[in-house]
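Subject: Structure for your files

Hello,

The structure we discussed is below. My notes on salt bridges and on one helix pair follow it.

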Amino acid sequence: MEHTAEVEGIGVGVGADGTNVPAVVLRAREEVLPIFVTADQAQTIRLGLAGEPFERPLTHDLLVEMVTEFGGAIDGVRIDDLTDGTFYAKLDAERYEDGEPVSYVFDARPSDAIALAVRVDCPIYVSDEILDAAGRPPSAIDLSPDDDDTF
């Protein structure tokens, strides 16, 4: 079963080497799901969440503009696999050809898929299998609104 997830925010975890590592924190099925990302990925997701324009389009803004200009739409994002600690995602899109919808599925890094989802306000889905494997209770993460989240 798939659950709709909300982006709770950007957090900071501690990597294997003891350094701070950013993570996007999703909330689904009354659990939180931290997905570790790079600092650049965290920043582009943060900008998308805030709706803050950049002087020039960032890569995700450009991709949204191109998809839209070519008559397509991003319908949803699925975090659908976790292998050896690495999350995988799919991007569901469609475009109309001769008045009929044509669906497309693209493999994507979860960070890119989430960065696009927050820009187009499409749903993010996470499966029970992913939540069973990597979900955490909300109490496992400090979700202070004024600070970066830590776990």
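A residue counts as buried under 20% relative accessible area, as exposed over 50%, and as partly exposed in between. Please keep in mind that this is a predicted model.

Salt bridges

The count comes to ten salt bridges. One of them joins the side chains of Arg29 and Glu31, at 2.5 Å from N to O. Arg29 has a relative accessible area of 29%, so Arg29 is partly exposed. Glu31 has 16% and is therefore buried. Arg29 and Glu31 also belong to a network with Asp128 and Asp132, held together by salt bridges that share partners.

Asp92 pairs with Arg78, and their closest N and O atoms are 2.8 Å apart. This pair links distant parts of the chain: Arg78 lies in strand β4 (residues 72-83) and Asp92 in strand β5 (residues 86-97), 14 residues apart. Asp92 is buried, with a relative accessible area of 18%.

A salt bridge also connects the side chains of Arg95 and Glu97 (2.6 Å, N to O). Here Arg95 is partly exposed at 33% relative accessible area, and Glu97 is partly exposed at 31%.

Helix pair

Helix α2 (residues 59-69) packs against helix α3 (residues 110-120) at an angle of about 60 degrees, with the axes 10 Å apart. That angle makes α2 oblique to α3. The crossing is right-handed. On the α2 side the contact is made by His60, Asp61, Leu63 and Val64, and on the α3 side by Asp112, Ala115, Leu116, Arg119 and Val120. By class, this contact has five nonpolar, three charged and one polar residue.

Regards

Terms used. Residues numbered from 1 in each chain as written. Predicted model: local features only at pLDDT ≥ 70, side-chain atom pairs only at ≥ 80, totals over all residues. Heavy atoms only, no water. Axes fitted to C-alpha atoms, helices over the stretch in contact; angles between N-to-C directions. Helix = DSSP H or I, 4+ residues; strand = E, 2+ residues; numbered from the N terminus. Parallel < 35°, antiparallel > 145°, perpendicular 65-115°, else oblique. Left-handed = near helix turned anticlockwise from the far one by under 90°. Contact = heavy atoms within 4.5 Å. Nonpolar A, V, L, I, M, F, W, Y, C, P; charged D, E, K, R; others polar. Salt bridge = Lys/Arg side-chain N within 4 Å of Asp/Glu carboxyl O. Buried < 20%, exposed > 50% of the residue type's maximum accessible area, 1.4 Å probe, protein only.
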